[in-house]
Amino acid sequence: MSKQHYKVCFCFRRIFKLRVVEPPEDVKKVFEQYSENGIMTIDKLQEFLIQVQGDLNASKDHAQAIFNSVKHLNIFQRKGLHLEAFFQYLLGDLNFPLHPHGVHQDMNAPLAHYFLFTCHNSYLTGNQVSSDSSVEPIIDALRRGVRVIELDLWPNSRKDDVEVLHGGTLTRPVELIKCLKAIKENAFSASEYPVVITFEDHLNAILQAKVAKMVTKTFGAMLYRPESEYIKEFPSPESLKKKILISTKPPKEYLGVQSSMEKDPQRQKDSAEDETQNTNVKKEHGATHDKQVEPDDEDEDKENATLGYRDLIAIHLGKSKGALNIWLTNPNQVRRLSVREQKLENDARTHGTDILRFTQKNLLRVCPNGFRVDSSNFNPMLGCMHGAQMVAFNMQVNGKYLWITQGMFRANGGCGNVKKPDFLLNVDPDNEVFNPLVLPPVKTTLKVKIYMGEGWHLDFHHTHFDQYSPPDFFIRIGIAGVSADQGPMKHTQVIEDDWLPEWNAEFEFPLRVPELAVLRIEAPEYDTSGINDFGGQTCLPISELRSGIRAVPLHDRKGDRFKSVRLLMRFEFV
């Protein structure tokens, strides 16, 4: 048994013994039930996997793999597992709480049938007003499984090239070509399913043409181009593997704005300056030389430029302003809408079923309100409840809503595509869809028991939490989901001065919509100042939570898994 020394003052030290982790009483009882003479055989281990862990398809090969996983330990015996080896298996990597078989959902449905891991202003390194734009946040997002990247396109100061930045702010730009190359190199590092790039386009026709050439040259065969501008249904993620899709407004919408400039003298002036610059650009590229450009030739150039840009667009962005009801569907063409969180919240009160019907075939992107200049986030559940595929998150700032989103997308092997539950996709014989305002009765109750935690002493310095003593951990636990399933976070008692805390605390969570629910778990270290230290967190999608006694690894603030820190917990659905 090792010791830790904490220096209190120049001449005084406190010494704490590090005790050895021991199995909780429930583990001892289960082992006793499935062992003979202190040994659990392969046959008995298989019984345990089926009857306690709920792994109904567990085979002897599965049990043998568990045996093999502890063979390197001195505690292993050839005849079977004794208590300590069984306990090490329960705490090990083969006993995590989520589905272990990678992508397992049907990936052949239309893209609109999936939630897509989406980030907002993907290029920003910090706040929305004054931070740098960079390729690094884009690379990090893709490596975490994000499938929808947003780029805001603006002319540079000379108006002869395209930059990416948050317009109307002090954010510093990054070249578009650098962003495109970063996407190409990292798009499929975490998942082979398609990446959608949404362009927020503030360009004239000439620069749009330049973007078209840039995108085509960068992505080549990776770029998905639909056969027709008018498609009635999006392709499936399976058919779009290793493909890049561009989503933005069609060029004709930009030209439509141009036609309205006569009513706005200032915009007309700005447009004239743009046209002058466009002519200069053409001269630089040898397009005009000393010859006077005829008006008809210029119109033809613009038309060709527009056609080249339009042909890039795999997912058309529709208008979300000005219409009385933007949620009306077009049976002959699917599209994407993009709205702010407040717009969705307002419309959900009166058009909830219209929104849900829209998202059954079309794509909906929900982005943070403009006042979130600190890159904070919003609750994703309202969007999910209405079928929004792209609930866009600022990934620059960590916090509970980003953690919840990361938890949602741990489902389906972390591929960034999660199949929507059937109730969001079904239409009954009376042509009615699910009404988000009418919640169903309780479908199931999740019972959770938190036994213990371990690993902090391996992943943190012994004075990280407290200069004078070991840490005082407790667990906060709750549900993120529809409003009826959410409630205040519950918590265990604080265990003082212990790197191996044992709580043996039980909780119950009635669930009306378990398909969308996420189990939130946090491990604060209690501080008498009232500001607790962070000791880890995780969020687990209820739809993929396995019953039984499970090792639950915790993650840091960014969502990266700690090497050693984990909890031992038991889950049961009743």
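# Close-up views of a predicted model

The secondary structure of the chain comprises 14 helices and 22 strands. The model shown in all views is predicted. Buried residues account for 53% of the 574 residues in the chain.

**View 1. Packing of helix α2 against helix α3.** Helices α2 and α3 pack at an angle of about 110 degrees, and their axes are 9 Å apart. The range from 65 to 115 degrees counts as roughly perpendicular, and α2 and α3 are therefore roughly perpendicular to each other. From α2, the residues Ile42, Asp43, Leu45, Gln46 and Leu49 meet Lys60, His62, Ala63, Gln64, Ile66 and Phe67 of α3. By class, this contact of α2 with α3 holds six nonpolar, three polar and two charged residues.

View 2. Gln46 lies in helix α2, which spans residues 42-51. Its relative accessible area is 18%. Buried means under 20%, so Gln46 counts as buried. When neighbours within four places in sequence are left aside, Gln46 is in contact with Ala58, Ser59, Lys60 and Ala63.

View 3. Asn37 is placed in the loop between α1 (25-33) and α2. With a relative accessible area of 82%, Asn37 is exposed. Asn37 and His82 are separated by 45 residues in sequence, and their C-alpha atoms are 9.2 Å apart in space. Helix α4 covers residues 83-90, and its residues Ala85, Phe86, Phe87, Tyr89 and Leu90 are buried. The elements that cover these buried residues of α4 include the helices α1, α2 and α3 (60-69). Strands β15 (444-454), β21 (548-555) and β22 (561-573) are also among the covering elements.

**View 4. Packing of helix α5 against helix α6.** The axes of helix α5 (residues 136-143) and α6 come within 9 Å and cross at roughly 20 degrees. Angles under 35 degrees count as roughly parallel, and α5 and α6 are therefore roughly parallel to each other. The crossing in which α5 passes α6 is right-handed. Ile138, Ile139, Leu142 and Arg143 of α5 meet Cys179, Ala182, Ile183 and Asn186 of α6. The residues of this contact of α5 with α6 comprise six nonpolar, one polar and one charged.

**View 5. Packing of helix α6 against helix α7.** Helix α6 (residues 176-186) and helix α7 (residues 205-219) pack at an angle of about 25 degrees, with a distance of 10 Å between their axes. That angle makes α6 roughly parallel to α7. The crossing of α6 past α7 is right-handed. In α6, the residues Leu176, Ile177, Leu180, Lys181, Ile183 and Lys184 meet Val211, Met214, Val215, Thr218 and Phe219 in α7. Eight nonpolar, one polar and two charged residues form the contact of α6 with α7. Ile183 of α6 also takes part in the contact of α5 with α6.

**View 6. Nonpolar cores and the contacts of Trp456.** In soluble globular proteins, nonpolar side chains tend to be buried together. The largest nonpolar core of this model has 94 residues. Leu151, Leu153, Ile183, Ile244, Trp456 and Leu519 are the residues with the most contacts inside this core. Helix α7 provides the largest share of the core, namely six residues. Apart from this core lies another, of 25 residues, which includes Met40, Ala58, Ile66 and Val70. Beyond its neighbours within four places in sequence, Trp456 is in contact with Phe465, Phe473, Trp499, Pro501, Trp503, Ala523, Gly535, Leu554, Val565 and Leu567.

View 7. Most residues other than glycine have a negative phi. Lys159 has a phi near 60 degrees, a positive value in a residue other than glycine. Lys159 is placed in the loop between β5 (148-155) and β6 (162-164). The relative accessible area of Lys159 is 29%, and this residue is partly exposed. Phi of Lys242 is likewise positive, near 60 degrees. Lys242 is found in the loop between α7 and β9 (244-248). With 44% relative accessibility, Lys242 counts as partly exposed.

Definitions and conventions. Residues numbered from 1 in each chain as written. Predicted model: local features only at pLDDT ≥ 70, side-chain atom pairs only at ≥ 80, totals over all residues. Heavy atoms only, no water. Axes fitted to C-alpha atoms, helices over the stretch in contact; angles between N-to-C directions. Helix = DSSP H or I, 4+ residues; strand = E, 2+ residues; numbered from the N terminus. Parallel < 35°, antiparallel > 145°, perpendicular 65-115°, else oblique. Left-handed = near helix turned anticlockwise from the far one by under 90°. Contact = heavy atoms within 4.5 Å. Nonpolar A, V, L, I, M, F, W, Y, C, P; charged D, E, K, R; others polar. Buried < 20%, exposed > 50% of the residue type's maximum accessible area, 1.4 Å probe, protein only. Core = buried A, V, L, I, M, F, W, Y, C linked by side-chain atoms within 4.5 Å.
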